[in-house]
Amino acid sequence: MKEFSSLSSLARFGGPPAFDAPRFVGAPVTGNKERFLERLDGMFARNWLTNQGPLVEELEDRFAAICGVPHAVAFCNGTSALETLIRAMDLSGEIIVPSFTFIATAHAVHWMGLTPVFADIDPETCTLDPEAVARAITPRTSAILGVHLWGNRCRVEALQALADRHGLKLLFDAAHAFGCSWEEMPPGSVGDAEIFSLHATKILNGFEGGVVTTRDGALAERLRLMQNFGFSGYDTVACAGTNGKMIEAAAAMVLTNLDSVAGWIATNRKNYKAYARALSKFPGMQLLVSPAENGGNCQYVVASVDAAAFGLTRNQVVDLCHAENFIIRRYFYPGCHRMEPYHSLFPDAGESLPVTEDWCDRVLVLPTGPGMSQEDIELAGNFFRWCHDHAGEIAAKMATEAA
Ligand code: T4K
């Protein structure tokens, strides 16, 4: 394990990197390769590769059962799932969304020709603040789209009450939430519908993939039509549609990974606790309120950097870590409202998003998953601690270089 002894021992200043290979946030985790290949053998034998094949059907049944809802519709990715859902629900005008999310949440709304209206978040969970949502409702609002960010459950009941009071639809972007064991309803079971992402970086991956879950049978039917060009028979098209279908190989991957996902979540929770121990040894870097204790899948280990207490800014920490092959991320800096086209469309949006802006300045997401050993986390903790203890010297050297 690398020892940090002097400024020149840091990779940023010429030392060898602490990690021999990059440690990524979201490094894909895959289950039993033989079982996956068996499923592919079956696919080839049937010669049925896409268009609602049996593996996709099996996946949809498994998802519906896991989420405790009657309908799950598989898609080629989470973004397509969300876009098609917005279209299938016939939403219009404005949809209230958080800005502190992956850009796909806002883009799906904009891409469908609607206006995303950004509302601020709760500082503890980083999910939509219902009071901020209430302030953002206008006569043009048709829906609220909450994001269970990093597997933190939205304040579903408060959002549902608001939606009911104002006659709005309520959707959730549960891209990060598969496998969370919340005390209340499972992810995928609330609101009018929820979407999941099965991207390679997610806790449950299908290379790419997405799923919509809903209790609304008519909505599920519209989703199925729309994801297949609107075809209702060989020669009949019932509505405008797109191609959002999941392929059989992706479903084979998801079904295979479903067999192992519980073990990966257990590893993530263990890693989360190891990080909590490591970060408790110095001030200035705090983990987000424990998703482990809230039943989270801990696929994202989220910390906030207090630059005054740690001695270095969040961006300096990122710089130092990347040199060590420790590829921490600033998810979801700088906030959707500071990215295009939203920055140009709503240049003053930041004024009503103080909590979002504060989080964007200090957020760090740390690598986890089975690829991160307990020793790796200890090494990362030692590194952070050394940086904290020598923050003055490090900052001075970085400033000299920049001058
Ligand atoms: N809503 C939310 C809240 C989301 O977070 C997302 C997606 C969506 C909606 C949309 O769902 P999808 O349409 O994607 O199904 C990544 C993912 O591409 C994206 O799916 C995910 N959220 C987002 C949080 O992370 P990037 O642009 O940050 O990915 P990238 O290429 O930097 O990869 C992340 C890390 O993973 C890298 O450091 C390297 C590692 N990696 C990645 C891949 C693909 C690997 O080691 N191997 C790989 O194969 O967006």
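**Close-up views of a predicted model**

**View 1. Glu 401 is partly exposed, with a relative accessible area of 41%.** Keep in mind that this whole model is predicted. Glu 401 pairs up with Arg 12 in a salt bridge, and their closest N and O atoms sit 2.9 Å apart. The two come from distant parts of the chain: Glu 401 is in helix α15, Arg 12 is in the segment before β1, and 389 residues separate them. Arg 12 is partly exposed too, at 24% relative accessible area.

**View 2. Lys 2 and Glu 324 form a salt bridge, 2.9 Å from N to O.** Here's another link between distant parts of the chain, with the partners 322 residues apart. Both Lys 2 and Glu 324 are buried.

**View 3. Arg 338 and Glu 357 meet in a salt bridge at 2.6 Å, N to O.** Arg 338 lies in the loop between β11 and α12, and Glu 357 lies in helix α13, so this pair ties together parts 19 residues apart in sequence.

**View 4. The largest nonpolar core has 38 residues.** Met 285, Val 317 and Leu 320 are among the members that touch the most others. Helix α14 gives the most to this core: seven residues. Beyond its sequence neighbours within four places, Leu 320 is in contact with residues including Leu 10, Phe 13 and Ile 394.

**View 5. Phe 229, Phe 231 and Val 237 make a nonpolar surface patch of about 260 Å².** Val 237 sits in the loop between α7 and α8, and it is exposed at 51% relative accessible area.

Methods
Residues numbered from 1 in each chain as written. Predicted model: local features only at pLDDT ≥ 70, side-chain atom pairs only at ≥ 80, totals over all residues. Heavy atoms only, no water. Patch = residues over 30% accessible without salt bridge, like charges linked within 9 Å, V, L, I, M, F, W, Y side chains within 5 Å. Areas by Shrake-Rupley, 256 points an atom, 1.4 Å probe, with all protein chains shown as cover. Salt bridge = Lys/Arg side-chain N within 4 Å of Asp/Glu carboxyl O. Helix = DSSP H or I, 4+ residues; strand = E, 2+ residues; numbered from the N terminus. Buried < 20%, exposed > 50% of the residue type's maximum accessible area, 1.4 Å probe, protein only. Core = buried A, V, L, I, M, F, W, Y, C linked by side-chain atoms within 4.5 Å. Contact = heavy atoms within 4.5 Å.
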